[in-house]
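Hi everyone, thanks for coming.

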Amino acid sequence: MNNSFSIKIDGTGEEFSVANDTLLGAALRQGLGFPYECNSGGCGSCMFEVVSGDVKELWPDAPGLSARARERGRRLACQCEPASDCVIKVRLKSDYVPLHRPARVTATLVEARKLTHDLTEFCFQTPEPADFLPGQFALLHLPSVEGARAYSMSNLPADGGTWNFIIRHVPKGRGTAVLFTQLKTGDQIKIDGPYGLAYLRPESPRDIVCIGGGSGLSPMVSIVRAAVRDPRLIDRKITFFYGARTPNDLCTEELLARDPLMAERATVIPAISTPTEGWQGEQGFIHEVMQKKLAAGFENYEFYCCGPPPMTDAIQRLLLLDKRVPAQQLHFDRFY
Amino acid sequence: MAFKKVCTLDDLWEGEMESYSVNGQEVLLLSLEGGDIRAYQGMCPHQDILLVEGQFDGKSLICRAHQWVFDAKTGTGINPDDCQLAKYPVRIENEEIFVDTEGVVPLFTPV
């Protein structure tokens, strides 16, 4: 059976082939600027229109596609595999041309480091170099788990073939159940990446503010660690706000102890949202703490953020609607 | 010029929005504070997200995806301020809303 199909993009002369892959995955692997963000069916950024041909939907109920958009003939490229040659409509954009084309590689678990009661950093190794940008994510295909899970890397690309992920144990999550209770050192998984647009922009002339919540810590650690090492950013102020529920959920001390340069160059401000006796630090939602600490001049920063949707929504509203920070200075990938 | 009936004024109360497919184009109708009707491209210039899935308060329109904000009166971007929604001519006759799509091309940002 021929599993390779040709996809033509209407009105552009662009064409790509898809073999055992999603439309989005194949387009990015071939270097096309196909718009996307979460690559997980949640955000709707990779919407396209089928002009002719058939596609198979991996997740027909994906929340990123509204009933109205579906009725208008739209589909999500991250959730569609072709079932024939197709002609599609989509607006390619140069911003989305991957600097490192995503690839599917076999990775071996080398270590699992517990950071808090529910956060663990999983370290995988691949024979190939791990080519990604600080802040990007990958799709993890875990043994006996249907579908892929998107997690952001916490390490630096310069670490060779190392892919580290700080992951929160979700009580009923099937993916994290495998990661936290079944996967042993030496076991193999498939990693598909890198993906994502919320990566460090060292060419920006502005000071840097990173905001993380929960397991949104992972890409922020990568960005902060890369920023403090980048000679182009030697004069920039780097501030990292990290929000957790209680002091027990914090591991910033340990992360700073592990990376003295980060401790020296970056200002790390942890905050907890649940009032706790004996806690001397900041208390409140992380966007409120950030607002208080920065006080003014919000438009003078480059913002990076990652965390649960209520947190990223609150940050977006605060920065874009209230503070009028130019939209292009806020970097985050929407996972819903 | 070819105005086409889209809906009636009763389908679109003050402060409401609705999205229609007109001659193959996605057209967003807005009823502004005060009752004026505007018709704009139905997709955000950023990522083709349907604007009707966002928020509208009679004055400004906010895309659900990245909170891009547009002035509902003019279709001009507030943040970012270097973008614009394409505008369709609107005509009201006998409580009915007509839109002309001829020659109007939706605008999209390069990135």
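So, start at the N terminus of chain B and read along: the elements go β-β-β-β-β-β-β-β-β-β-β. That gives eleven strands and zero helices in chain B. Before I go further, keep in mind that what you see is a predicted model.

Let's zoom in on one pair of strands there. Strand β2 of chain B covers residues 17-22, strand β3 of chain B covers residues 25-31, and the two pair in the antiparallel sense over six bridges. If you want to find the pairing on screen, look for B:S19, which sits opposite B:L28 in β3(B). These two strands form a hairpin with two residues between them, and in that hairpin B:N23 takes a positive phi near 50°. And a bit of background while we're looking at strands: in a regular strand, side chains alternate between the two faces of the sheet.

Of the 111 residues in chain B, 36% are buried. As for contacts between residues at least 6 apart in the sequence of chain B, 42% of them join residues at least 24 apart.

Okay, over to chain A. Here we have eight helices and 19 strands. The chain is divided into three pieces: domain 1 is 4-96, domain 2 is 103-195 and domain 3 is 207-331. How far apart are the centres of domain 1 and domain 3 of chain A? Over C-alpha atoms, 34 Å separate them.

For 336 residues the rule gives a radius of gyration near 20 Å, and chain A has 20 Å, so it fits the expectation for a compact globule. The C-alpha trace of chain A spans about 65 × 50 × 40 Å along its principal axes. In chain A, 44% of the 336 residues count as buried. And if you take contacts in chain A with a separation of 6 or more, residues 24 or more positions apart account for 70% of them.

Let me show you a helix. Helix α4 of chain A runs over residues 217-229, which makes 13 residues; at 1.5 Å a residue it should span 18 Å, and its end C-alpha atoms are 18 Å apart, so that agrees. Is α4(A) mostly covered or mostly open? Mostly covered, with twelve of its 13 residues buried. Among them are A:L217, A:M220, A:R225 and A:V228.

Then there's a sheet in chain A that I like. It's an open sheet of six strands in the order β17-β16-β15-β14-β18-β19, with parallel pairing. At the edges are β17 (282-283) and β19 (330-331) of chain A, each pairing on one side only. Strand β18 of chain A, residues 301-306, runs parallel to β19(A), and two bridges join them. There you'll find A:F303 opposite A:L330 in β19(A).

Last stop: where the chains meet. The contact takes 21 residues from chain A and 16 from chain B. On the chain B side, those residues divide into nine nonpolar, five polar and two charged.

Technical notes
Residues are numbered from 1 along each chain as its sequence is written. Chains are lettered from A and ligands numbered from 1 in the order in which they are written. This is a predicted model: local features need pLDDT of at least 70, side-chain atom pairs count only at pLDDT 80 or more; totals for chains, interfaces and linings use all residues. Helices (H or I, at least four residues) and strands (E, at least two) are DSSP runs, numbered from the N terminus. The expected span of a helix is 1.5 Å times one less than its number of residues. A residue is buried if 20 or more other C-beta atoms lie within 10 Å of its own, exposed if 12 or fewer, and partly exposed in between; C-beta atoms are placed from the backbone. Two strands pair if DSSP finds at least two bridges between them. The radius of gyration is taken over C-alpha atoms; the globule rule is 2.2 Å times the number of residues to the power 0.38. Two residues are in contact if their C-beta atoms, placed from the backbone, lie within 7 Å. Domain bounds come from an automatic or database domain assignment. Ala, Val, Leu, Ile, Met, Phe, Trp, Tyr, Cys and Pro count as nonpolar, Asp, Glu, Lys and Arg as charged, and the others, Gly among them, as polar.
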